[in-house]
Amino acid sequence: MSMYKIGVVGDKDSVLAFKALGIDVYPVNDVEEARKTVDTMAARKYGVIFITEQVAQDLEETIERYNREMLPAIILIPSNQGTLNIGMKKISDNVEKAVGVNIL
């Protein structure tokens with residue numbers, strides 16, 4: 001049985017707190033660096049990758065590519081600047097797809 005890792009990608013101020021929880025932290029400064037980081041994490045068998053919404057809004061293609069795969073699970077989280085409601089919209093869409101109606 002293999003153990004999968006958990007990591008978080010986003011701006012430095014938003015992701016550093018996750019280090020205290022034992023989660024691997026990857027601060028990024030631009031879109032290309034974020035894309036490379038997510039691809040590297042997926043190749044290194046991360047099971048869950050949290051991405052701040054501010055970073056995720058520029059990585060739609062990369063996130064969609066991994067959403068078609070079983071792993072890694074990409075989960076969008078708000079940054080320290082607040083939420084863009086992208087993560088909640090994705091959850092709502094997935095629930096509607098699974099159940100057939102939006103119960104949220």
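1. The largest nonpolar core has 16 residues, a core being a set of buried Ala, Val, Leu, Ile, Met, Phe, Trp, Tyr and Cys residues joined through side-chain atoms within 4.5 Å, where buried means under 20% relative accessible area and exposed over 50% with a 1.4 Å probe, protein chains only. V9, V38, I49, I51, I63 and I74 have the most contacts inside this core. At least two of its residues come from each of α2 (31–43), β3 (46–52), α3 (53–56), α4 and β4, and α2 supplies the largest share, four residues. Apart from this core lies another, of six residues, including I23, V25, F50 and I77.

2. The model is predicted, with local features requiring pLDDT of at least 70, side-chain atom pairs pLDDT 80 or more, and totals for chains, interfaces and linings using all residues. Residues are numbered from 1 along each chain as its sequence is written, and side-chain values use heavy atoms, leaving out hydrogens and water.

3. The elements of the protein chain run β-α-β-α-β-α-α-β-α from the N terminus, helices (H or I, at least four residues) and strands (E, at least two) being DSSP runs numbered from that end. Of the 104 residues in the protein chain, 35% are buried.

4. Leaving aside residues up to four places away in sequence, V9 touches V15, Y26, V28, T37, V38, M41, I49, F50, I51 and T52, contact meaning heavy atoms within 4.5 Å.

5. On the outside, M70 lies in the loop between α4 (60–67) and β4 (73–77), and M70 is exposed, with a relative accessible area of 75%.
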